[in-house]
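Welcome! Take a look at the structure below, and then we will walk through a ligand site and a pair of helices.

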Amino acid sequence: LATAPANSPSDTDITDWDRDHNLHPWATTDSWRTDDYMRINTAKGIYVWDSTGKKFIDGPGGMWCVQIGYGRQDMADAIAKQVMEMPYASPWSSTSEPAAILARKIAEMTPGDLDTVFFTTGGSTAVDTALRTVQFYNNRLGRPEKKLIMAREKGYHGSTYLASSVTGKERFNTKYDNASDLVRFLPDVNPYGRPEGTTLDQWCDQKVADMEALIEREGADNIGAFIAEPILCSGGVIVPPPGYHKRTLDLCRKHDILYISDEVVTGFGRLGHWFASEEVFDIVPDMITCAKGLTSGYLPLGACIMSNALMKRMEDPTGEEVFYNGYTYTGHPVSCAAALKNIEIMEDEDILGHVQRVTPHFQDRLKAIGEKFDIVGDVRGMGLLGCIECRPDLPQDTFDAHLKFGAKLDMACEEMGLMLRPFGNMAVFSPPLIISKEEIDDMFDIMEAGLEKLSAEYNG
Ligand code: PLP
């Protein structure tokens, strides 16, 4: 490599260096030396600015994570203070004030007896911790065969080996290996895909029956846990039918199968509550995983929260068993300080109340899009989560046009100053939770203009 210029790299240098040396998540192998990513230079509130100075509403909220918005001086101060006081303490041999206070705080926020918090580096490692805990637990109880994990088609749980193994999104069945012998997938729960004439209640019955059949087929003695996002977010904001969460939890209870609620996206206010499991979906699981909104994306942090009942059953009176799970950055003091400040800001500014107040408007505008545009097949969402999916038989009826709908809509909106997150035939959005009613209107006005443009294109 030629020696890089010592200072002030040019815009072109940065683009070149990024393209040549910085491998991004989900890079396509044909274009990983040609893709130029949008470079975001500054951010404030719900807005980001790219390197040309163009301003965008951040529709995806970073990556479903920037709850309190960008550019908070109070957050910067809290982080700086912790860095100067004590930036790192080994969680093996010591603890820190922020980690202890945050663990206590999260235990208060979670439902039921979920009082024990294991801190991780993000969502994937929180899921990994939950899944490894299932293995530890059943080995500890002397039933090593009770290990299978039930997961769902279209679920997303992360990118480490175990977390990606329980991820049901098609693209993960590619050239990566998975621990597939440990996992069994349940079919799609999306009500949008249900056969014509099937009511939501009947759909729920069928989805519960799918789980019953799987338990029957594999044997409850071989199944350790069910992992489920309350809403399948990366799968396209799929909201399972009413009653589904409770009935699947009841089935798990009946068969002594642990229930892991993956709240990496739904936690920390996205649906107007700290956690959605109990307050929105009426379930108290055995474990909850969270990350993202825990620090509003200012620093990496995740957590796996476990019930007292589970902890009790894992106890070993001889003290010989060791919970060999942990990361150098478990309970990182600076990340924990950021999470505490994030929670404080959310409390002081009643961000949960704000989400509850603006949600009806957000969801009304989303619903109106479904009614207004012929090229749209389905709109769905909850809280400040939304998804637009194109009609399966778009007029310009090519597989390619169908598949690129999300990217085309995102491109049309970006021209007008709104970023979305495209997923094949869908575009999803989850803006910062501080978004005002007027800003919600700005967002949806741009989406409607983008859909007008696409309608003309698809209808020729
Ligand atoms: N679980 C869910 C539900 C997610 O949406 C994600 C990421 O999008 C993860 C786990 C993985 O989190 P991370 O990317 O922080 O490892």
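The shell around the ligand divides into 3 nonpolar, 5 polar and 3 charged residues; here Ala, Val, Leu, Ile, Met, Phe, Trp, Tyr, Cys and Pro count as nonpolar, Asp, Glu, Lys and Arg as charged, and the others, Gly among them, as polar. This is a predicted model, where local features need pLDDT of at least 70, side-chain atom pairs count only at pLDDT 80 or more, and totals for chains, interfaces and linings use all residues. Residues are numbered from 1 along each chain as its sequence is written, and side-chain values use heavy atoms, with hydrogens and water left out.

**Around the ligand**
- Residues around the ligand (a heavy atom within 4 Å) include Gly122, Tyr156, His157, Glu229 and Asp262.
- A polar side-chain atom of Ser124 lies 2.5 Å from a ligand oxygen atom.
- For Gly123, a backbone N or O atom is 2.8 Å from an oxygen atom of the ligand.
- Lys292 has a side-chain N or O atom 3.0 Å from a ligand oxygen atom.

**Two helices**
- Helix 11 (residues 351-372) packs with helix 14 (residues 437-458) at an angle of about 10°, their axes 10 Å apart.
- Helix 11 is therefore roughly parallel to helix 14 (angles under 35 degrees).
- Their contact (heavy atoms within 4.5 Å) includes Phe362 of helix 11 and Phe444 of helix 14.

Key:
Axes fitted to C-alpha atoms, helices over the stretch in contact; angles between N-to-C directions. Helix = DSSP H or I, 4+ residues; strand = E, 2+ residues; numbered from the N terminus. Parallel < 35°, antiparallel > 145°, perpendicular 65-115°, else oblique. Polar contact = N/O pair within 3.5 Å; in protein donor to acceptor, adjacent residues only side chain to side chain.
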